[in-house]
Protein chains: 2
Amino acid sequence: MKKTAITPTRTENYPEWYQQVIQAADLAESSPTRGCMVIKPWGYAIWENIQQDLDRRFKETGHVNAYFPLLTPLSHFEKEAEHVEGFAKECAVVTHSRLKEVEGGLEPDGKLEEPLVVRPTSETMFGAMYSKWIQSYRDLPLLINQWANVMRWEMRTRLFLRTAEFLWQEGHTAHATKEEAISETKQMLDVYADFAESILAIPVVKGEKPCMERFPGAVSTYCIEAIMQDGKALQAGTSHFLGQNFAKASEIRFLSKEGTQEYAWTTSWGVSTRLIGGLIMTHSDDDGLVIPPKVAPQHIIILPIYRNNDERDKVLDYCKRLKEKLQKTQFNNQPIRVQIDDRDLRGGEKTWQWIKKGAPIRVEVGPRDIEKNSVFVGRRDKAPKDKLSYEFDNFTDKASAILEEIQNNLFKKAIDFRKNNSHKADSFDEFKAIFTRNNDKYPQIQGGFVECFAIDSTEIEEYIKPLKVTARCIILDQKETGKCIFTGKEGAVKMIFAKSY
Amino acid sequence: MKKTAITPTRTENYPEWYQQVIQAADLAESSPTRGCMVIKPWGYAIWENIQQDLDRRFKETGHVNAYFPLLTPLSHFEKEAEHVEGFAKECAVVTHSRLKEVEGGLEPDGKLEEPLVVRPTSETMFGAMYSKWIQSYRDLPLLINQWANVMRWEMRTRLFLRTAEFLWQEGHTAHATKEEAISETKQMLDVYADFAESILAIPVVKGEKPCMERFPGAVSTYCIEAIMQDGKALQAGTSHFLGQNFAKASEIRFLSKEGTQEYAWTTSWGVSTRLIGGLIMTHSDDDGLVIPPKVAPQHIIILPIYRNNDERDKVLDYCKRLKEKLQKTQFNNQPIRVQIDDRDLRGGEKTWQWIKKGAPIRVEVGPRDIEKNSVFVGRRDKAPKDKLSYEFDNFTDKASAILEEIQNNLFKKAIDFRKNNSHKADSFDEFKAIFTRNNDKYPQIQGGFVECFAIDSTEIEEYIKPLKVTARCIILDQKETGKCIFTGKEGAVKMIFAKSY
């Protein structure tokens, strides 16, 4: 069997492989606070790249950023009934404002008159402010986004995918008409989908959540769903049309052009550090992390190789010249990001560290390469030993194109994987068979995406729950309805089902 | 008397003027959560510009970003005794993990075994992780920064200056030697000072905090101090040399080159959204906010003026052409930021809104300007009616230079103000006189910066506290000591005193 850098492999134990990839790439780890992670520099740099690209897209679509408080008074949080019911079971609550000394240590003191909820999301706080800021149709639309931390108490946590605290962005908008709010909801879904595919190289299906998966308080929830390498689905982003529910709860009213008092129509939409989990599970392999170049913290790692001080000076000079020349070229409209790794470590160990960290391109430079005025190039989308020698200028000219090629290869590979693991089911028997059969070649693959007709009702839960399958989304823009493969009822719509994170 | 856009003026009521400037510029406002503010888009955009510039400086000095948990278990928080004592009285504490329904509403439920402290700063959490990550001298230095929200429960809050929650960055570094840690502490002080002066146009004094103002747990605290237009001092940034205090509390030990186990030497340093308060109070005037161009959300506001649809089309075309041309020019190594304000509002009202919001340059464009191929330009560093006509190309060529000139003018004005309000005192009588005399011309000015010899001891508090004066900092790099003007003791050092925020 081929030796791999990550143990276990995906087929041996997929969940454990995921943890090991994160550890080997030094992306994040658990902290002393139960369920909360530390996002380490290499992982956080991916998040910074995600932020930068998304932030530009939000601003290009007319949104501005702001910052709203972390804590919401309980009385405000309670205002939208469905909403609070959806989040009550996972709220961190601040009840005290200081600590006092007691025998053996400290304990909370200064009990607050009203408990404060650490935001699991900020609809109610935005609502409270919007009701003050919005008076007239002239104040609309109001299009604000916030980058923030949020908390949802989780019993079973997994780095990036499910943690008690996570980082995200939440857009909250208010509009004068229903049509405009729906169009905003869909616009942001498109922004997310395009970002996921063109930047993260994660193919996604756009859809609408069936009733049982809707955001608490929303009229409709749109989502992008991605397939992971174990065939499970990951919800990678959501965009909610909130109707007038939150406007009524928070009294967001405006004077219309016609002079009447109306409730505003609101939306909210968000993506989180969960995207990094999706990125890991879409692209990584049994040698560790694979990062699409567009969000890689470094594009090119230069590895100097030398045996003595004399060689060292020559090699490092050459490496610096290479770095400078590369930094003058652009990839994805930004200077190429290059790092020289001159740590005092064995060459093999160093190379494998960068493979495990997912650096898109590794360049080895030793005295023999310098003699030939060349560089020795490895790519993360090829096998570790599949390396090519390039003439110096030829490589610096082509580096950007190679990165583009890697980005495209990753996307294509992910598209192929999804294609191979997407199925249609015309009956419940077929449906069941797909989710229960063994995949001999890839035992980690549990089902995949299954498309079938189903009614948008909790009635289907009795069929899918025993299989641990969830209804991921209703496919958008359907022309015809059909017969539900579960209940046999007519008027069913095409949905995608999968096991899920 | 001259009519001003802000009521009251600085001389009439300085604290109230400050609140009114924030409101008129739409920077921030109070939220339903006691002591917590909402940073509104125009205010948040200033923070984004501050972040972008500082983040570049941190990275250029070798730091990387990461993210650590919001909540710290009480048992960890307690580890450094002085530190916890310093923050115990202002900590928000999470004690419950869900809400349950009771008659009449919800109440906290799911009491945690161990209370969790919302970070007032993160020395203890970084310490807990650093003790795992640092094993050998090869792991040092470790240079990590985090952009985050923190909470310090404050009874008397003021927007930006003192709020229960605020945004900041906190750098935490660990080093193998004392010298290296001290040099890091001073390097970051220099980064802050240069940033404050060259970007925010706020002149600052670099100094070391006297013992009673030191950060809880630090060996020495360095700071930058700025003077506000009421003569009070604002601490605008701090950099702490923590010695081995936190390393001992958190067991951050490493194997030295010589093979011995040593405690690491650590530092921490931070600036916060308080800088925006300092910016407001340094530059703004009785017509509202004045923003140094380098951090202004928009550099140039174009105000189209027309009376009918025919004029409208012509004027807007011309404005768009102007905007496009300006955006192709650079200021401070970035494209100039331009906004056309075509809202349906009276011209005078619109112009005054932008004056109050502190936009550096306003450009009015009406049919007559177009006929002359010119634009009519107002600058925030000149009187509102002091406007100049420029030929179109001449203006687009000069715009960057005008912004540079405004930036420099603001800095010069602030330097002059500090000069006029800095004093020396050779005796306690002189000292007292400066802080108690009336300033007839500027009644808001309470003293200013006063330099004198004083001993670094709590003994001086009985002299300065009744005057509501604080010891701001010990001047760096002093050659000689002198006699304390308070206690008469020898061995005193030159310090700066002021009333303060």
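1. Buried here is under 20% relative accessible area, with a 1.4 Å probe and protein chains only. Strands are DSSP runs (E, at least two residues), numbered from the N terminus. Five of the five residues of this strand (300–304) are buried, so E15(A) is largely enclosed by the rest of the structure.

2. A quick caveat: this is a predicted model, where local features need pLDDT of at least 70 and side-chain atom pairs count only at pLDDT 80 or more, while totals for chains, interfaces and linings use all residues. Residues are numbered from 1 along each chain as its sequence is written, chains are lettered from A and ligands numbered from 1 in the order written, and side-chain values use heavy atoms, leaving out hydrogens and water.

3. Which strands does E15(A) pair with? It runs parallel to E18(A) (338–340), joined by three bridges, and parallel to E19(A) (361–365), joined by five. Pairing takes at least two DSSP bridges. A:Ile301 sits opposite A:Gln339 in E18(A), and A:Ile302 has A:Val363 as its bridge partner in E19(A).

4. On to the chain contact (heavy atoms within 4.5 Å): chain A and chain B put in 65 residues each. A:Pro32, A:Tyr67 and A:Leu99 supply 13% of the area chain A buries against chain B, more than any other three residues; buried area is the accessible area (1.4 Å probe) that two parts lose on being put together, summed over both.

Technical notes: Buried means under 20% relative accessible area, exposed over 50%, partly exposed in between (1.4 Å probe, protein chains only). Helices (H or I, at least four residues) and strands (E, at least two) are DSSP runs, numbered from the N terminus.
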